Amino acid sequence: MFFSHQTHFLNMPSLEEAINVITYGKSNSTRKAALKALKAFARRTGINDLSDVTPRDVERYVIEVLGNKKESARLFLIFMEQAAKWGGRNDVSEACKSLRRRIRVYEYERRRGYIPAELLPRLVAVLKHAAKSRSRRGDSALALLLMLQTGARLGEALSIEASSLRRRNDALFIEVKAKGGKVVVKEIADPDTMRLLLERASTRNGRLLLASPQTVDRWFKEFLIMAGADEGLASRLKPHDLRRTAAMLGYEATRDLDAVRVWLGHSRPETTIIYLGSGIKEVMARKVSEVSRSVVEALSTGGVKTNGGVGGA
C-alpha cells in the first residue's frame, strides 16, 4: 500500500456508509456505480473510512491508478466529493472539485481544434461558392459560414428564421436563440453573407437553412478537402472548431476578452479562456512584448508627456 495517512478524524463513517446515505432514493444503477467506484478506491488504497482519506490520496489514485480513464475518474470524483461533503470533510471535497475541473479542461484541450491560418481564405471561398445553391449542401455551407463569421453555434445558425433578420440602415443583424433561452444578436458584417441570407428570406418562411446537423457535419469534411485540407485534418476537425477559430480571430484582433465573451454568448470569462486555450497566452506574450517596445520608444523620444511632465502617480 503506497498511500500514507497523516490525519485522523474521530466519529467518521465508512465510505460504504457514506455512499448509502448520499445515494438514498437514487436508482439502483446509480447506487451500484457509486459503490463500485469507492470500493475500487478502498481496495487499491486500503482506506475504508472517510477519516483516513486525504486530498493527496485522492489525487494520487486519480493520476496513478485511473490514469487516462477519464470517465471513471470523473464518476469517482463526483461520488467521493459528495461523500466527503456529507461527512464534513471539506478538504477532500474541495480537492475532488478541483480535480474534476482539471479533467474537464483536459477534455476541452483534447477535443479543441482550429482551422489553420493558411487554409482559412480558401475555406471561406469554398463556402461562399457552395452557399449560392439553395440545396442542403448550400444551406450547410451558409451555416458553416455564419459560424465562422459570427461565432454562432451550429444549432444557433440552423435555427435562424426569416423573422429573426433585422435591417438597420445598411447593416443586417440576426437574432439567435442561444443556450439557456438567451437571445443573442449577431451582426452580419460580410456583404456576400448578407445577400445570401436575404435571398433565402425572400422565398422561405420559418427556418432559412434546411439542413440537419448530421448533413452539415458530412459536408464540412467535403468543404475542407475542397479547400486543400488533407484527409487526416478533415477527419479531426469538427464544425464547432469554426466557432473556436472565430473566437481566436476575434481575440487576436481586439485583445478584449470580455468583448469576445459577449460576442460568443458566454456567461463566464473562464469558458471563453478555455475556448482560446494556449492561443490566449501567445497573444498576451505579444502584447507584453509591445509594452516593452513602447517603453523603449518612449524613453528614446523623451518619455510620456503628462500635465506634470514625465511620469505620474
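**Surface, salt bridges and helix packing in the predicted model**

Leu 299 counts as exposed, since its relative accessibility is 64%; in this scheme residues are buried under 20% relative accessible area, exposed over 50% and partly exposed in between (1.4 Å probe, protein chains only). The structure is a predicted model, in which local features need pLDDT of at least 70 and side-chain atom pairs count only at pLDDT 80 or more, whereas totals for chains, interfaces and linings use all residues. Residues are numbered from 1 along each chain as its sequence is written, and side-chain values use heavy atoms, with hydrogens and water left out.

Leu 299 belongs to helix α15 (residues 279-300); helices (H or I, at least four residues) and strands (E, at least two) are DSSP runs numbered from the N terminus. Together with Val 291 and Val 295, Leu 299 makes a nonpolar surface patch of about 290 Å². Such patches consist of residues with over 30% relative accessible area and no salt bridge, nonpolar side chains (Val, Leu, Ile, Met, Phe, Trp, Tyr) being joined within 5 Å and like charges within 9 Å. Accessible areas follow the Shrake-Rupley method with a 1.4 Å probe, and for residues only the protein chains shown count as cover.

Asp 190 is buried, having a relative accessible area of 17%.

Lys 128 also forms a salt bridge with Asp 192, where the closest N and O atoms are 3.1 Å apart. Because Asp 192 lies in helix α9 and Lys 128 in helix α6, this pair ties together parts that are 64 residues apart in sequence. Asp 192 is partly exposed, at 33% relative accessibility. A network of salt bridges links Lys 128, Asp 190 and Asp 192 with Arg 134, Arg 195 and Glu 199.

A further salt bridge joins Glu 175 to Arg 166, with 3.6 Å between the closest N and O atoms. Glu 175 is partly exposed at 32% relative accessibility, and Arg 166 is partly exposed at 33%.

Most residues other than glycine have a negative phi. Asn 169, in the loop between β1 (165-168) and β2 (171-177), has a positive phi near 55°. Asn 169 is exposed, with a relative accessible area of 76%. Arg 255 likewise has a positive phi near 55° and is found in the loop between α12 (240-254) and α13 (257-264). Arg 255 counts as partly exposed at 24% relative accessibility.

Helix α1 (residues 15-22) packs with helix α2 (residues 28-45) at an angle of about 160°, their axes lying 10 Å apart. The two helices, α1 and α2, are therefore roughly antiparallel. Axes are lines fitted to C-alpha atoms, for helices over the stretch in contact, and angles run from 0 to 180 degrees between N-to-C directions. Angles under 35 degrees count as roughly parallel, over 145 as roughly antiparallel, 65 to 115 as roughly perpendicular and the rest as oblique. The crossing of α1 past α2 is right-handed; handedness is right if the near helix is turned clockwise from the far one by less than a right angle, and left if anticlockwise. Helix α7 (residues 136-150) packs with α9 at about 135°, with 11 Å between their axes. Accordingly, α7 and α9 are oblique to each other, and α7 passes α9 in a left-handed crossing.

Methods:
Salt bridge = Lys/Arg side-chain N within 4 Å of Asp/Glu carboxyl O.
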